[in-house]
Amino acid sequence: VIIQNNFFLLLKNLNKLYLKNNLIQFIEEKGLHGLINLIELSLQNNKLKIINKNLLSKLGNLKIFDLKANSIQIIEEECFKFNKNLEILDLKENLIKFIGVNAFYGTFIKIEDTFSNQKLEFIGQCAFCGIRKEQEMLDLNENVINSLMNKTFKDLKNITVLKSNHN
């Protein structure tokens with residue numbers, strides 16, 4: 001299943017959208033355009049592999065984004081930069097290999113155990129920079145990290161626990 005560009009264009013008043021268990025494999029770059037008042041989006045248990053950097057560009061009011069149990073491998077650079085209201089992002093039970101530069105910049109999410117038991121190989125420069133919520137812990141356990149870029153942990157000054165076992 002593919003969500004094509006402008007598929008939701010006329011649903012400007014929609015606040016919540018639940019698309020769980022639909023075998024969605026790909027959402028085109030403008031596939032979510034039109035959902036300007038969306039606060040909650042659940043794409044749980046689909047087959048998505050990538051979070052495109054422009055996918056959420058028109059979802060400035062989004063607060064809750066559930067991507068649990070997909071096949072996400074890539075989080076592109078700056079893909080959440082337009083989502084300043086984002087508070088809850090569930091990426092558990094994915095296969096994330098790559099996190100791009102400034103991927104979560106400007107969000108208000110808590111990332112504590114989001115990235116444990118993934119397949120992380122690469123974490124881009126400043127991948128966690130600009131997250132507006134103070135982080136106390138970052139769990140990177142059970143990954144295959146082979147590349148950390150300079151300044152990866154730059155804005156995580158207040159973490160007291162960093163777990164990176166079995167990498």
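Does H33 count as buried or exposed, and at what relative accessibility? At 12% relative accessibility, H33 counts as buried; here buried means under 20% relative accessible area, exposed over 50%, and partly exposed in between, with a 1.4 Å probe and protein chains only.

**Basis of the report**

The structure is a predicted model, in which local features need pLDDT of at least 70 and side-chain atom pairs count only at pLDDT 80 or more, while totals for chains, interfaces and linings use all residues. Residues are numbered from 1 along each chain as its sequence is written, and side-chain values use heavy atoms, with hydrogens and water left out.

**Overall architecture**

The chain contains zero helices and 13 strands; helices (H or I, at least four residues) and strands (E, at least two) are DSSP runs, numbered from the N terminus. The radius of gyration of the chain is 15 Å, close to the 15 Å that the globule rule gives for 167 residues, so the chain is as compact as a globular protein of that length. This radius is taken over C-alpha atoms, and the globule rule is 2.2 Å times the number of residues to the power 0.38. Along the principal axes, the C-alpha atoms fill a box of roughly 45 × 30 × 20 Å.

Of the 167 residues, 43% count as buried. Among contacts in the chain with a separation of 6 or more, 60% come from residues 24 or more positions apart, a contact being heavy atoms within 4.5 Å. The chain exposes about 8,500 Å², of which carbon and sulfur atoms supply 48%; these areas come from the Shrake-Rupley method with a 1.4 Å probe.

**Surroundings of H33**

H33 is located in the loop between β3 (26-27) and β4 (40-42). Leaving aside residues up to four places away in sequence, H33 touches N6, F8, L9, N54, S57 and K58.

**Cysteines**

The structure holds one disulfide, defined as a pair of cysteine sulfur atoms within 2.5 Å. This disulfide joins C126 to C129, and both C126 and C129 are buried. The torsion about their S-S bond is about -60°, so the disulfide is left-handed. C79, by contrast, is in no disulfide. At 1% relative accessibility, C79 counts as buried.
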